[in-house]
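Please read the points below alongside the sequence and the structure.

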Amino acid sequence: MGTVTARLGELTDLEGAAALRVGAPVARPGSVYCIGMNYAAHAREGGSEPPERIVVFMKPSHTLAGPDDDFPASRGAQKLDWEVELALVVGRRAWNLGPDDDARGVIAGYAVANDISERAWQLEESGGQWSKGKSGPGFLPLGPVLVPTADLDPSDLRLRSWVNGEPRQDSTTADLIFDIDTIVRDLSTYTVLEPGDVILTGTPEGVALSGRFPYLGVGDVMEIDIEAWGDSVRSSSQTGRCDERSALRRPRGRGHRRHVGDRRRVRRPAAGTRADVAVIDRDVSAGASPALCLEADVSDVAAVGPPSPRSSRGGAGSTSS
């Protein structure tokens with residue numbers, strides 16, 4: 001039994017846990033790999049045919065944010081977009097995996113992620129690569145739940161997103177062009193995967209880039225959700241706000257926030273499901289970048305069940321991903 005697993009039984013109830021900040025389930029990944037256009041319909045809505053080879057781009061680790069952290073809209077950001085994705089967290093080192101190697105065994109667990117994107121920076125000012133539009137602070141809300149690999153079949157998970165309560169994306173991981181094992185093997189051909197690295201597996205159709213929906217504006221609310229995590233976890237949560245001054249602040253609680261003018265109200269998710277939420281608002285004061293929560297060796301996380309209130313806290317063209 002791993003050290004983290006053994007210590008879970010020693011945790012006591014944390015008084016006032018509902019009012020405390022929840023961090024991402026990984027403190028600071030060494031690398032964040034992103035798979036682009038991995039859903040055929042999403043590739044086409046961005047103006048491209050589905051790729052024949054895996055498309056990879058990177059996000060810097062400073063983009064990582066907690067599920068309830070405020071989202072900063074950087075100065076000049078005019079085309080902010082949402083992307084619900086299934087994220088993989090690497091649990092052991094991998095290099096040059098062969099067709100008979102256990103690619104799934106490399107993964108410690110799964111989380112829900114929002115690959116926030118600025119499309120003008122990504123496509124119009126990028127010089128043919130996408131990272132400019134993927135790299136702002138807070139552009140990767142992650143978690144809060146890290147579901148161990150053994151507890152989840154990722155082959156048919158429902159991914160959904162909403163903006164201001166209106167549906168946007170609705171698909172399943174069964175529509176992935178390149179499945180989880182293929183992604184891990186392919187990445188290991190070109191780079192070394194290290195414990196704690198995060199891999200975003202792609203987003204389905206239904207983003208603003210399609211032209212069917214407006215881009216995000218101040219006061220808008222993003223919600224993302226992945227259902228069917230299994231018996232132990234139904235889904236996972238995030239909350240954030242967006243400030244034109246690019247300043248992060250910590251939210252006061254884990255409820256899903258909606259900002260209307262100077263009024264704030266907390267909306268609790270329905271029983272049995274918890275959706276990821278990010279709110280864009282002008283009224284965000286300057287503050288320090290949030291501390292992230294997990295400092296333990298991620299190689300042991302594969303044996304850890306999903307967190308509860310008992311858990312401790314801590315600190316290229318005209319296409320899209």
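1. A salt bridge joins the side chains of Asp-81 and Arg-119, at 2.8 Å from N to O. This pair links distant parts of the chain, since Asp-81 belongs to strand E4 and Arg-119 to helix H3, 38 residues apart. The model is predicted. Asp-81 has a relative accessible area of 0% and is buried; Arg-119, at 1%, also counts as buried.

2. Glu-227 and Arg-160 form a salt bridge through their side chains (2.4 Å, N to O). Here too distant parts of the chain are linked: Glu-227 lies in strand E13 (residues 221–227) and Arg-160 in strand E10 (residues 158–163), 67 residues apart. Both Glu-227 and Arg-160 are buried. Salt bridges with shared partners also join Lys-59, Asp-81, Glu-83, Asp-115, Arg-119 and Lys-134 into one network.

3. The count of salt bridges comes to 16. One of them is between the side chains of Glu-124 and Lys-79, at 2.6 Å from N to O. Glu-124 is in helix H3 (residues 119–124) and Lys-79 in the loop between strands E3 (64–65) and E4 (80–81), so the pair ties together parts 45 residues apart in sequence. Glu-124 is exposed, at 54% relative accessibility, whereas Lys-79 is partly exposed at 27%.

4. Strand E5 (residues 84–90) is largely enclosed by the rest of the structure, because seven of its seven residues are buried. Val-84, Leu-86, Leu-88 and Val-90 point one way, while Glu-85, Ala-87 and Val-89 point the other way.

5. Strand E5 runs antiparallel to strand E6 (residues 107–114), joined by seven bridges, with Ala-87 opposite Ala-111. Strand E5 also pairs with strand E12 (residues 198–200) in the antiparallel sense over three bridges, where Leu-200 is the bridge partner of Ala-87.

Notes. Residues numbered from 1 in each chain as written. Predicted model: local features only at pLDDT ≥ 70, side-chain atom pairs only at ≥ 80, totals over all residues. Heavy atoms only, no water. Buried < 20%, exposed > 50% of the residue type's maximum accessible area, 1.4 Å probe, protein only. Helix = DSSP H or I, 4+ residues; strand = E, 2+ residues; numbered from the N terminus. Pairing = 2+ DSSP bridges. Salt bridge = Lys/Arg side-chain N within 4 Å of Asp/Glu carboxyl O.
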